[in-house]
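Biologist: I am new to this structure and would be glad of a guide. Please take one part, look at it closely, and then lead me on from there.

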Amino acid sequence: MEHTIEAFKREESLGARHSGAAAASDGKIHIERTQYPYVTGSSVLGIKYKDGILLAADMAASYGSTKRYKSFQRLKPVGKHAVIGASGEMSDFQQISTMLDELTLRDQMWDDSNTLGPHEIHSYLNRIMYQRRNKFDPLWNNIILGGVKNGKKYLGVVSMIGVHFEDDHVATGFGQHLARPELRKQWRADMTLEEGVRLLEKCLLVLYYRDRSSINKYQIAKVTEEGVTISSPFAIETNWELEAFQNPTKNAEGSW
Amino acid sequence: MFRNQYDTDVTTWSPAGRLHQVEYAMEGVKQGSAAVGLKCKTHVVLASVNKASSELSSYQKKLFKIDENIGVAMAGIIADGRVLCKFMRSECIYHQFVFEAPLPVSRLVVQVADKAQVCTQRSWKRPYGVGLLVAGLDEAGPHLYYNCPSGNYYEYYAFAIGSRSQAAKTYLERRFETFKDCSRDELIRHALLAVKESLQDEELKSTNCGIAVVGADEDFHILDGETLQSFIDTLEDNKAEAKEAAPEDPASTSGGGEAGPSAGAAEEPPAEATPMDM
């Protein structure tokens with residue numbers, strides 16, 4: 001008993017807020033760091049189009065194989081010029097959202113004509129993710145950040161280990177494998193809004209057919225010079241009569 | 001400014017609602033040798049009058065680069081200015097490291113002003129005795145700011161600080177509306193001519209003045225001696241034009257503009273450096 005109370009007091013003084021500390025049988029503290037995610041979001045997609053950026057994600061937050069939460073918003077505006085979407089551990093995403101809210105609030109409090117652009121926010125995010133990785137206590141997310149400022153379009157990714165880059169079209173999770181090939185084939189820099197949305201819906205549909213942890217309820221975020229809008233949830237029409245879905249165990253006798 | 005019983009501490013108000021120590025600090029800036037700043041649509045130029053403490057010594061450096069897009073000219077206690085420079089440089093580099101983007105000038109200037117204000121409200125501190133002309137470029141365009149020992153900051157089209165700066169200010173006041181359409185080289189010429197007004201019985205040479213430029217396509221840098229001398233030489237060619245435009249008698253203008261005691265100090269022979277410049 002005494003060991004546990006002592007260990008708890010020591011944990012407090014160490015300020016171990018992010019990690020779980022447990023007293024083992026020998027009375028020493030074992031700081032546990034993030035080993036695996038619990039409540040997770042699946043893919044996020046992002047593309048540049050003629051007037052700005054489009055991001056798309058479904059609204060599921062799974063608890064292992066259970067589709068626990070079906071109205072979880074995984075896309076979030078950041079300041080006036082950017083939107084962020086995350087896959088991975090959703091509680092970490094919420095913490096990142098809080099940090100970004102604080103950042104944009106402090107930026108506003110200067111009360112001058114300067115605002116943080118998407119590039120600056122991407123850089124800031126990268127520093128956070130990399131710092132946590134160095135402590136072996138990562139924020140378990142793969143994040144897409146898109147924005148438009150002064151006519152310049154920006155679309156970037158930050159991973160949980162701090163790898164960061166920019167591209168014309170990006171995806172996280174299964175989207176990297178199922179959506180990117182389609183985006184590579186179909187993406188053009190001068191797509192209109194309708195063409196961009198149609199392309200994203202095509203990719204989302206593939207993900208719904210083939211990614212077990214996705215649901216047919218999506219949001220699309222649009223960023224242009226005018227600002228950020230996130231659509232209300234919508235669904236896409238599915239067709240399960242496609243030939244590819246007939247006789248699914250054709251190539252794997254005995255499975256279901 | 002007269003000595004009175006309310007000027008011992010910076011934290012003592014006078015019955016008239018003034019903080020005399022802060023005002024004395026601003027006087028200190030007026031004792032330093034002049035610095036001038038002006039901007040056009042694309043560039044900002046800083047100019048300084050450099051003094052040497054003796055024939056054996058080098059001329060005091062008063063122009064400093066803070067970041068690729070920001071630089072300062074100072075007048076007053078240069079040692080105080082150097083410390084503020086170090087602070088500004090570290091703020092800029094921190095912002096660059098976290099955001100991979102240059103710190104906007106307007107933000108840097110507010111940070112310096114807040115730092116200066118602290119020194120006006122602590123009994124164990126004294127105000128910084130240096131005025132900073134901050135020249136910089138950010139998304140909103142070119143900027144020229146003046147940071148005062150009082151903790152105030154002001155934005156200017158053109159400004160001059162330090163001793164005999166009134167003459168330079170008069171030169172600038174007559175022409176500032178034309179500055180925004182000036183080219184970079186024209187702006188440098190104007191800066192040199194303005195600084196010339198602040199010299200008394202001294203020839204403008206590349207050794208006793210300094211020029212620094214920053215522009216959209218030009219990182220902040222201080223002009224080297226040769227380039228500076230060639231600008232000064234072109235001034236000579238247009239000397240007649242400059243003489244017409246300049247005020248009739250710089251000495252009387254500056255003498256009339258300042259209060260009694262400090263005008264006496266300003267009239268000292270220019271070859272001797274005032275103590276604050278060291």
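Modeller: Let's start with Arg184(B) and Glu218(B), which form a salt bridge with their closest N and O atoms 2.8 Å apart. The term stands for a side-chain nitrogen of Lys or Arg within 4 Å of a carboxyl oxygen of Asp or Glu. Arg184(B) belongs to helix H5 (residues 184-198) of chain B and Glu218(B) to strand S10 (residues 218-222) of chain B, so the pair ties together parts that are 34 residues apart in sequence. Helices (H or I, at least four residues) and strands (E, at least two) are DSSP runs, numbered from the N terminus. Arg184(B) is partly exposed at a relative accessible area of 22%, while Glu218(B), at 13%, counts as buried. Here buried means under 20% relative accessible area, exposed over 50% and partly exposed in between, with a 1.4 Å probe and protein chains only.

Please keep in mind that this is a predicted model, where local features need pLDDT of at least 70 and side-chain atom pairs count only at pLDDT 80 or more, while totals for chains, interfaces and linings use all residues. Residues are numbered from 1 along each chain as its sequence is written, chains are lettered from A and ligands numbered from 1 in the order in which they are written, and side-chain values use heavy atoms, leaving out hydrogens and water.

Staying in chain B, we come to Tyr171(B) in helix H4 (residues 165-179). Tyr171(B) is buried, with a relative accessible area of 2%. Leaving aside residues up to four places away in sequence, Tyr171(B) touches His190(B), Leu193(B), Ala194(B) and Glu197(B), where contact means heavy atoms within 4.5 Å. Between Tyr171(B) and Val195(B) there are 24 residues in sequence and 9.3 Å in space, C-alpha to C-alpha.

Now back to charged pairs. Side chains of opposite charge can pair when their charged atoms come close. Over all chains, a search of the whole structure finds 23 salt bridges. One of them is between Arg127(A) and Glu100(B), at 3.2 Å from N to O. Arg127(A) lies in helix H3 (residues 118-134) of chain A and Glu100(B) in the loop between helix H2 (78-99) and helix H3 (105-118) of chain B, so this pair joins two chains. Glu100(B) is partly exposed, at 38% relative accessible area. Shared partners also link Asp107(A), Asp112(A) and Arg107(B) into one network of salt bridges.

In chain A, Arg74(A) and Asp58(A) meet in a salt bridge of 2.8 Å, N to O. Arg74(A) sits in the loop between strand S7 (66-69) and strand S8 (75-78), and Asp58(A) in strand S5 (residues 52-58), so parts 16 residues apart in sequence are tied together. Arg74(A) is buried, with a relative accessible area of 0%, and Asp58(A) also counts as buried at 5%.

Arg74(A) leads us on to Ser87(A), whose contacts beyond four places in sequence include Arg74(A), Trp140(A) and Thr172(A). Ser87(A) lies in strand S9 (residues 82-89) of chain A and counts as buried, at 6% relative accessibility. The side chains of Ser87(A) and Thr172(A) are joined by a polar contact of 3.0 Å. Such a contact is a pair of N or O atoms within 3.5 Å; within protein, one must be able to donate a hydrogen and the other to accept it, and residues adjacent in sequence count only if both atoms are side-chain atoms.
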